[in-house]
Amino acid sequence: MRATRIPAHVFEEFVRGFGDPLLSDLERYLRWMRRMSILKTFWCSDWNSLGYLGLMNSGKLIGALRALRMRVIFHGHGAWRGLRERGEIQDIFLLRWRIEYLREIFQRAEKIFSRHGLKDFGVSEWKPSAWRVLEECGFSPYARSVLITWNLREKIPKSGNREVEIKIGSRRDLSKLRRIQRESWGFFIPPSFKHHIILIAYLGEEAIGSAYLNKYTGNIDFGVHVRRGFQRRRVGAAILHSARNLFRKLGFRRMSVVRVLRALSKVNESDRIALSFYINCGGRVLREYRGFRRKIRSRKLKIPNLSEYIA
């Protein structure tokens, strides 16, 4: 058994057999991942490919992964001990999840990272069958994120507030967007006018909710936001209806949103409310990403299942 570099088309052909809904077309998937890096999360921050590794056994390919160079985002400096860049392993596919398989292919990946001057690496993994094996292999989780998707052929099951009017925003609306986000989650991330179609929800003349629709990915970047005083009045559902209609016009078949969870050992109240909102409005959890790094805690961290918190 040995790990070796493989070309992109061999990786694509191998992983296609696993039926992953995002990886049926590698070029399209990488383009989507590149555009998703605007979110600056642990699994889709700015990255460069270092190639593909395959695990061979008796001349047969039994595993594959992608190796990346990834920039350490500003709120990840604590987790990565001040590193500016790190290695990253993603899209691991194995015919069988065995510790010796992971160790063999990770050792080869580590040599690649070392040659590129990368002192440490993380693993982003969404397959529950892999999480236990990663921990047994000496890694522990440090971050958690949820990718929720909608099939745009299906309608949003929750009706929106009919008194709410959704308008397209512009640069002149930055002060409105700032107020909405600060009252929704406490801080403000400005839109990218290159990437985003900006939706603003109005009740009368007052701007009360917003969303940034990424016209390249079909993602609602940074989520749906509603000012606290106007929550639980189906404003968010009205925004989702408009987002669905716009993405359908742009030719998308899927709409998505990413939620980065603030804690590992629990799901806090703001995350629980957000996840429940998206799922009650027809969203489905497509991937629960967990970021892993070399084990730094002596005991295993118990991470609760999302289903325990989502109403």
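Is Cys 137 buried or exposed? Cys 137 is buried, because its relative accessible area is 13%, and buried means under 20% relative accessible area, exposed over 50%, and partly exposed in between (1.4 Å probe, protein chains only). The model is predicted, so local features need pLDDT of at least 70 and side-chain atom pairs count only at pLDDT 80 or more, while totals for chains, interfaces and linings use all residues. Residues are numbered from 1 along each chain as its sequence is written, and side-chain values use heavy atoms, with hydrogens and water left out.

Another cysteine, Cys 44, counts as buried at 0% relative accessibility. The structure holds 0 disulfides, a disulfide being a pair of cysteine sulfur atoms within 2.5 Å.

The next topic is the nonpolar cores. In soluble globular proteins, nonpolar side chains tend to be buried together. A nonpolar core is a set of buried Ala, Val, Leu, Ile, Met, Phe, Trp, Tyr and Cys residues joined through side-chain atoms within 4.5 Å. The largest one here has 43 residues, and Tyr 29, Trp 32 and Trp 43 have the most contacts inside it. Among the elements that give two or more residues to this core are α1 (8-16), α2 (26-36), β2 (47-57) and β6. Helices (H or I, at least four residues) and strands (E, at least two) are DSSP runs, numbered from the N terminus. Helix α2 gives the most to this core, with 6 residues. Apart from this core lies another, of 34 residues, including Ala 201, Ile 239, Val 257 and Val 267. As for Trp 32, leaving aside neighbours within four places in sequence, this residue is in contact (heavy atoms within 4.5 Å) with Leu 22, Trp 43, Leu 147 and Thr 217.

Strand β6 covers residues 139-151 and holds Ser 145. Ser 145 counts as buried, because its relative accessibility is 0%. What does the side chain of Ser 145 make a polar contact with? The partner is the side chain of Trp 43, at 3.2 Å. A polar contact is a pair of N or O atoms within 3.5 Å; within protein, one must be able to donate a hydrogen and the other to accept it, and residues adjacent in sequence count only if both atoms are side-chain atoms. A polar atom of the Ser 145 side chain also lies 3.4 Å from the backbone oxygen of Arg 259. Not counting residues up to four places away in sequence, Ser 145 touches several residues, including Phe 42, Val 258, Leu 261 and Tyr 289. Pro 141 is in strand β6 too, and counts as buried at 2% relative accessibility. The C-alpha atoms of Pro 141 and Arg 293 are separated by 6.4 Å, although these residues are 152 residues apart along the chain.

Aromatic rings come next. A pair of aromatic rings is described by the distance of the centres and the angle of the planes. Rings of Phe, Tyr and Trp (its six-membered ring) pair if their centres lie within 6.5 Å; planes under 30 degrees apart count as stacked, over 60 as edge-to-face and the rest as tilted. A search of the whole structure finds 19 aromatic pairs. In one of them, the rings of Phe 18 and Phe 93 have centres 5.0 Å apart and planes at 50°, so the pair is tilted. This pair links distant parts of the chain, with Phe 18 in the loop between α1 and α2 and Phe 93 in strand β4 (residues 85-94), 75 residues apart. Phe 18 is partly exposed at 36% relative accessibility, whereas Phe 93 is buried, with a relative accessible area of 3%. The rings of Phe 113 and Phe 121 also form a tilted pair, because their centres are 5.4 Å apart and their planes are at 35°. Ring pairs link Phe 14, Phe 18, Tyr 29, Trp 32, Trp 43, Phe 93, Trp 126 and Tyr 289 into a cluster.

Two loop residues remain. Lys 40 has a positive phi of about 60° although it is not a glycine. Lys 40 lies in the loop between α2 and β2 and is partly exposed, at 29% relative accessibility. Arg 232 has a positive phi of about 65°, and it is not a glycine either. Arg 232 is placed in the loop between β10 (219-226) and α6, and counts as exposed because its relative accessibility is 76%.
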